[in-house]
Amino acid sequence: MTAPEITGDGEPETGTPAPEPPASDRKLTVPNLITMARLSLVPFFAWAFASGERDVLAVTLLVVIGSTDWVDGFVARKTGQVSELGKLLDPVADRVAIIVVLALCAFRGTVFWPLAAAILLRDVLVAVTFAVLESKGVPRIPVSWMGKGATAAIYIGLGLALISLVAGPSTEEKVHLASTAFLTVGAGAYWLAAFGYAGSIRSALKPKVNP
């Protein structure tokens, strides 16, 4: 029995993954530089948002971080620069960005704490599960569409949460409601993806039995 492969963010692929170039051991690649650039923007976002006086800058930085989520993977596949480091960096960048932005938004009251906790708890569980499976030698595969869709919905929801801070009084409430809707959908997709592959994880951790 072959253990199911696990995605870069700990998500098993729900369908047949698209073929991609074999991963190399290269560290300095264009996709990796893009990912590291996205990751390097997170502290600047935190500084701008935590100050409470640079919300427009914070919104701009979050839009750049979220809207470029697909760029590194696209460039890696198109240029044949898929690397083991890139497969690790891409989900790490997403997780770090989401955790930082969620925590700060919850602290400032733009995201409900229970909703933020539901998303953060799922990320923690996935990180722990991935670490266990990694120790068992289960290889990674590309992130599932469910996981990517959930991440996109969460980024949109967080962006709207920030925009609600700079929106006028007439639109602030509507933008905040839209933010909550996207975050709720993203959180639901997060957990659905996790429950969907629970059986595969159990199978991966079972000892192999020879016929």
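Predicted model: local features only at pLDDT ≥ 70, side-chain atom pairs only at ≥ 80, totals over all residues.

Reader: Thanks! What elements make up the chain, and in which order do they run?

Author: The chain has eight helices and two strands. Starting at the N terminus, the order is β-α-α-α-α-α-β-α-α-α. Of its 211 residues, 42% count as buried.

Reader: What makes helix 1 roughly antiparallel to helix 3?

Author: The axes of helix 1 (residues 30-51) and helix 3 (residues 71-79) cross at roughly 175° and come within 8 Å. Angles over 145 degrees count as roughly antiparallel, so helix 1 is roughly antiparallel to helix 3.

Reader: Which residues of helix 1 and helix 3 meet?

Author: From helix 1 there are V30, P31, I34, T35 and R38, and they meet V71, D72, V75 and A76 of helix 3. Sorted by class, this contact has six nonpolar, one polar and two charged residues.

Reader: Which residues of helix 3 are buried?

Author: They are V71, D72, G73, V75 and A76. Just after helix 3 comes G80, with a positive phi of about 70°.

Reader: On to the rings, then. Why is the pair of F45 and F49 called stacked?

Author: Ring centres have to lie within 6.5 Å to pair, and planes under 30 degrees apart count as stacked. The centres of the F45 and F49 rings are 5.5 Å apart and their planes are at 15°, so the pair is stacked. A search of the whole structure finds one aromatic pair. F45 and F49 both lie in helix 1, four residues apart, which is about one turn of the helix.

Reader: How do you know whether F45 and F49 are buried or exposed?

Author: Buried means under 20% relative accessible area. F45 has a relative accessible area of 0%, so F45 is buried. F49 comes out at 1% relative accessibility and therefore counts as buried.

Reader: What makes R108 lie over the face of F49?

Author: For Arg, CZ has to be within 6 Å of the ring centre and within 35 degrees of the ring normal. R108 lies over the face of F49 at 4.5 Å from the ring centre.

Reader: And which residue lies over the face of Y190?

Author: That is R122, at 4.0 Å from the ring centre of Y190.

Technical notes. Residues numbered from 1 in each chain as written. Heavy atoms only, no water. Axes fitted to C-alpha atoms, helices over the stretch in contact; angles between N-to-C directions. Parallel < 35°, antiparallel > 145°, perpendicular 65-115°, else oblique. Contact = heavy atoms within 4.5 Å. Nonpolar A, V, L, I, M, F, W, Y, C, P; charged D, E, K, R; others polar. Phe/Tyr/Trp six-rings, centres within 6.5 Å; stacked < 30°, edge-to-face > 60°. Buried < 20%, exposed > 50% of the residue type's maximum accessible area, 1.4 Å probe, protein only.
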